Amino acid sequence: MDLRHNQITIQELLADPRAREVLARRFPQAMDRPIVAQSGAMTLERAMKLGAAFVSQKSIQAALEELQAL
């Protein structure tokens, strides 16, 4: 999947069923939160920076690699 140098938006990611599945599997605790739906215009880059306070860099990197492979 073309993540456009991590400038793809959360809304665009969630619109792709394959990407949504990756995110739901890797970060189930975040997917059920209303803030995710409200963050549609946020870029993946920004989301990764904010998410680093809650999940390990290793987890973020693994999800990123999986999304890139789609």
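Trainee: What kind of model is it, and how are residues numbered?
Mentor: This is a predicted model, where local features need pLDDT of at least 70, side-chain atom pairs count only at pLDDT 80 or more, and totals for chains, interfaces and linings use all residues. Residues are numbered from 1 along each chain as its sequence is written, and side-chain values use heavy atoms, with hydrogens and water left out.

Trainee: Okay. How many helices and strands are there?
Mentor: The protein has six helices and zero strands. Going along the sequence, the pattern reads α-α-α-α-α-α. Helices (H or I, at least four residues) and strands (E, at least two) are DSSP runs, numbered from the N terminus.

Trainee: And why call it as compact as a globular protein of that length?
Mentor: The radius of gyration is 11 Å, close to the 11 Å that the globule rule gives for 70 residues, so the protein is as compact as a globular protein of that length. That radius is taken over C-alpha atoms, and the rule is 2.2 Å times the number of residues to the power 0.38. Along the principal axes, the C-alpha atoms fill a box of roughly 25 × 25 × 20 Å.

Trainee: What share of the residues is buried?
Mentor: Of the 70 residues, 37% count as buried. Buried means under 20% relative accessible area, exposed means over 50%, and partly exposed is in between (1.4 Å probe, protein chains only).

Trainee: Which contacts join residues at least 24 apart, and what's the percentage?
Mentor: Take the contacts between residues at least 6 apart in sequence: 67% of them join residues at least 24 apart. Contact here means heavy atoms within 4.5 Å.

Trainee: Let's zoom in. Which residues of helix α5 are buried?
Mentor: In α5 (residues 44-51), the buried ones are Leu44, Met48 and Gly51. They cover an arc of only 70 degrees around the axis, which puts them on the same side of α5. The arc is that of the directions from the helix axis to the C-beta atoms.

Trainee: What covers them?
Mentor: The cover over the buried residues of α5 includes α1 (10-15) and α6 (57-69).

Trainee: And which residues are buried in α2?
Mentor: Helix α2 (residues 17-26) buries Ala19, Val22 and Leu23. Viewed down the axis of α2, its buried residues fall within an arc of 95 degrees, so they line one face of the helix. Their cover includes α1, α3 (28-31) and α6.

Trainee: What about Arg25, where does that one sit?
Mentor: Arg25 is in helix α2, and at 43% relative accessibility it counts as partly exposed. From Arg25 to Ala63 is 38 residues in sequence and 9.4 Å in space, C-alpha to C-alpha.

Trainee: Switching to the segment before α1: is His5 buried or exposed?
Mentor: His5, found in that segment before α1, is exposed, with a relative accessible area of 76%. Its phi is near 55 degrees, a positive value in a residue other than glycine.

Trainee: And Asn6, buried or exposed?
Mentor: Asn6 also lies in the segment before α1, but Asn6 is buried, with a relative accessible area of 17%. Asn6 has a positive phi of about 65 degrees although it is not a glycine.

Trainee: What is Asn6 in contact with?
Mentor: Leaving aside neighbours within four places in sequence, Asn6 is in contact with Thr43, Leu44, Glu45, Met48 and Leu64. Leu44 and Met48 are among the buried residues of α5. The C-alpha atoms of Asn6 and Leu64 are separated by 9.0 Å, though the two are 58 residues apart along the chain.
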